[in-house]
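I opened the model to look up a few local features, then the pairing of the copies and the space inside. My entries follow.

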There are 2 protein chains.
Amino acid sequence: MRLRAPYLLFLGEEASPLKAKTAFGLRDWAPERCLAQLRMPGCGVDLGLPDLAPRAAAQAGARALVIGVTPPGGRIQTGWTAVLREAVEAGLDIVSGLHTPLESVPGLAEAARAAGVALVDVRRPPDDLPRATGRRRSGRRVLAVGTDCALGKKYTALALARAMRGAGVDADFRATGQTGVMIAGRGIAIDAVVADFIAGAAECIAPAAAPEHWDVIEGQGSLFHPAYAGVTLGLLHGAQADALVLCHDPVRRHLVSWPDYPVRGLRDAAGPYVEAARLTNPGARIAAVSLNTSALAEADALQALDDAARTLGVPAFDPLRTPADRVVASILS
Amino acid sequence: MRLRAPYLLFLGEEASPLKAKTAFGLRDWAPERCLAQLRMPGCGVDLGLPDLAPRAAAQAGARALVIGVTPPGGRIQTGWTAVLREAVEAGLDIVSGLHTPLESVPGLAEAARAAGVALVDVRRPPDDLPRATGRRRSGRRVLAVGTDCALGKKYTALALARAMRGAGVDADFRATGQTGVMIAGRGIAIDAVVADFIAGAAECIAPAAAPEHWDVIEGQGSLFHPAYAGVTLGLLHGAQADALVLCHDPVRRHLVSWPDYPVRGLRDAAGPYVEAARLTNPGARIAAVSLNTSALAEADALQALDDAARTLGVPAFDPLRTPADRVVASILS
């Protein structure tokens, strides 16, 4: 899946910035893909981008309208129909990560066919995924893995890709979730593929590359999650990662929404990840720890990073709080 | 997914018994679900069941025509259209595990709607699968796991369910693949579900039961398979198995169709399976070994079983060659 840029970021009539995380994520991590914003009456969110209507945005070079908000239920709102059709008629693709298929918006599919533009549901995977070959491929890869969901694997991968490029490394962020796909402009929401093809999809997401090229792959789920570990293991095998960055929240005691499942400590999590990764890449190793220290004061955060680094004998960082240079060096070493 | 029985087993014009494994599997493992066979001119297969045309089969009590052969490409043959429509018009459901969707057979969907019968593509999972809860549920469960695909996990589970019932245990076979679903009359082809729902589907396949009830769950794939381990891990977590039976082929050197991947020995395979299973059931243990000794002469087979039992300290059997009583006792202990 490849998305055409630059984007017109659609904010609807959303009142709360908390419901516009997709839009803020795009603005912060892919500013070169973000041209303008489109706000309906009542919208309380401002990305600091120019306000443009669909036709003006298309004239300014926009190629797609991206839905950047998540309304209640994750559904496309009926009040959006007119503006989505207007965007299609202006020649913009529509990109959505919501549950409602874009095809189900009245008249939108016909308008898109007439205009020759695409309706892209980012959750929907390609139809023709292959089974994994397991064959070692060229290029180098680092994968973010975690002790739970929703603790910073995407931010870790984005920050590392940015830092590696900043250090002169030929590196790409590789997306495995819907927001990541919108940021990268390509990728597959891997938790939406048919089970037989998880590892095969991962092989497609980060394909063979030049020997010195690094793909920095967004992780999903956790090997220790009672619902999602299958996704995590298939991604781990398909990624054939040389380096793993283990993401962890030092204050979280149990898995989010699964209170019966305690979060493993770094030491208990590292071994199983390395063992599983070595099936497809015998050289796989934990290269760094990424801690989500958002709940800690500065001194406590630094202490937690210090403890984590000592526990696993690798550098530790918080991508939103501390520099990544030692982590990058460890990945490259 | 629940299938109506008894079945009329459709053999088409298949010349070779090797391509009728589904039909033979049904006859051998679910004779009570098999009423008759339907053979077209040129058919070289005989299940030893009465030959009945669709209307006669329906009058004799059949509720579904089951496609029991796998033609080249796994596709429904155009020459079958007339007889499939005849079956529908006689009031039979059609059950298929082939790749071609039954809806795509010309006229069949309309005929099925008119007759009020179902077209059941066994590969297609239910639309409304839940995410796994991970909550411990009542009843007891045994899961067949393996060092590779295609080495006897389904036969192991079928033989154990039969032996456990023979020993007076309240036990059900639980199907996770298409042939298994046809045999059991219910189940989900778990490798066809969306990745996020693997463990959730497994929770549905073997739901909460009476405290002394045993579900004997068909395994899929292998934790050490570069393409399919995600399916295996999700099934393992969702199954919450008390007992694992480790299936192995003692003469296989590498994974079928993945020649770069050697098959693990029993000792190297047992630990990771138990560790992964204990996430959702801390009491999980390897209760027995099931060896596929089909390539060995009698004396060598018995020696291999002896070696396997000594290696893991649990009983070993070959479901097609040796009795299951010690294995059943070990599972129940």
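This is a predicted model: local features need pLDDT of at least 70, side-chain atom pairs count only at pLDDT 80 or more; totals for chains, interfaces and linings use all residues.

I began with A:Ser257, which lies in the loop between strand E10 (254-255) and strand E11 (258-262) of chain A. I take helices (H or I, at least four residues) and strands (E, at least two) as DSSP runs, numbered from the N terminus. A:Ser257 has a positive phi of about 70°, although it is not a glycine. I found A:Ser257 exposed, at a relative accessible area of 60%. Here buried means under 20% relative accessible area, exposed over 50%, and partly exposed in between (1.4 Å probe, protein chains only).

Residues are numbered from 1 along each chain as its sequence is written, chains are lettered from A and ligands numbered from 1 in the order in which they are written, and side-chain values use heavy atoms, with hydrogens and water left out.

I looked next at A:Gln240, a residue other than glycine with a positive phi near 50°. A:Gln240 sits in the loop between H8 and strand E9 (243-248) of chain A. A:Gln240 is buried, with a relative accessible area of 0%.

I checked for cis peptides. One joins A:Ala5 and A:Pro6, with omega about 0°. A:Pro6 falls in the segment before strand E1 (7-12) of chain A. In chain B, a cis bond joins B:Ala5 and B:Pro6, again with omega about 0°.

Then I turned to strand E6 (residues 140-146) of chain B. Six of its seven residues are buried. E6(B) runs parallel to strand E8 (residues 214-217) of chain B, with four bridges between them. I count two strands as paired if DSSP finds at least two bridges between them. B:Arg141 has B:Asp215 as its bridge partner in E8(B). Five bridges join E6(B) to strand E9 (residues 243-248) of chain B, also in parallel. There B:Val145 stands opposite B:Leu246.

I followed the chain to B:Ser222, in the loop between E8 and H8 of chain B. B:Ser222 is buried at 0% relative accessibility. Contact means heavy atoms within 4.5 Å.

Helix H9 (residues 266-277) of chain B came next. Its 12 residues reach 16 Å from first C-alpha to last, close to the 16 Å expected at 1.5 Å a residue. The expected span is 1.5 Å times one less than the number of residues. Buried residues in H9(B) include B:Leu266, B:Tyr273 and B:Val274. Their cover includes helix H9 (266-277) of chain A, and E6 and E9 of chain B.

How do the two copies relate? Chain A can be laid on chain B with an RMSD of 0.0 Å by a turn of 180° and a shift of 0.0 Å along the axis. That is the relation of a two-fold axis. The same surface serves both copies, as 100% of the contact residues of chain A recur in chain B. I superposed by least squares on the C-alpha atoms of residues with pLDDT of at least 70 in both.

Last, the space inside. The largest cavity holds about 300 Å³. A:Leu223, A:Pro272, A:Ala276, B:Pro272 and B:Ala276 lie nearest its centre, out of 18 lining residues. On a 1 Å grid over the protein atoms alone, a cavity is a set of points where a 1.4 Å probe fits but cannot get out, and lining residues have an atom within 4 Å of a point. Grid points are joined across faces, edges and corners, and a volume is the space filled by probe spheres set on the points.

Methods. On a 1 Å grid over the protein atoms alone, a cavity is a set of points where a 1.4 Å probe fits but cannot get out, and a pocket is an open set with protein on both sides within 12 Å along at least five of seven lines; lining residues have an atom within 4 Å of a point.
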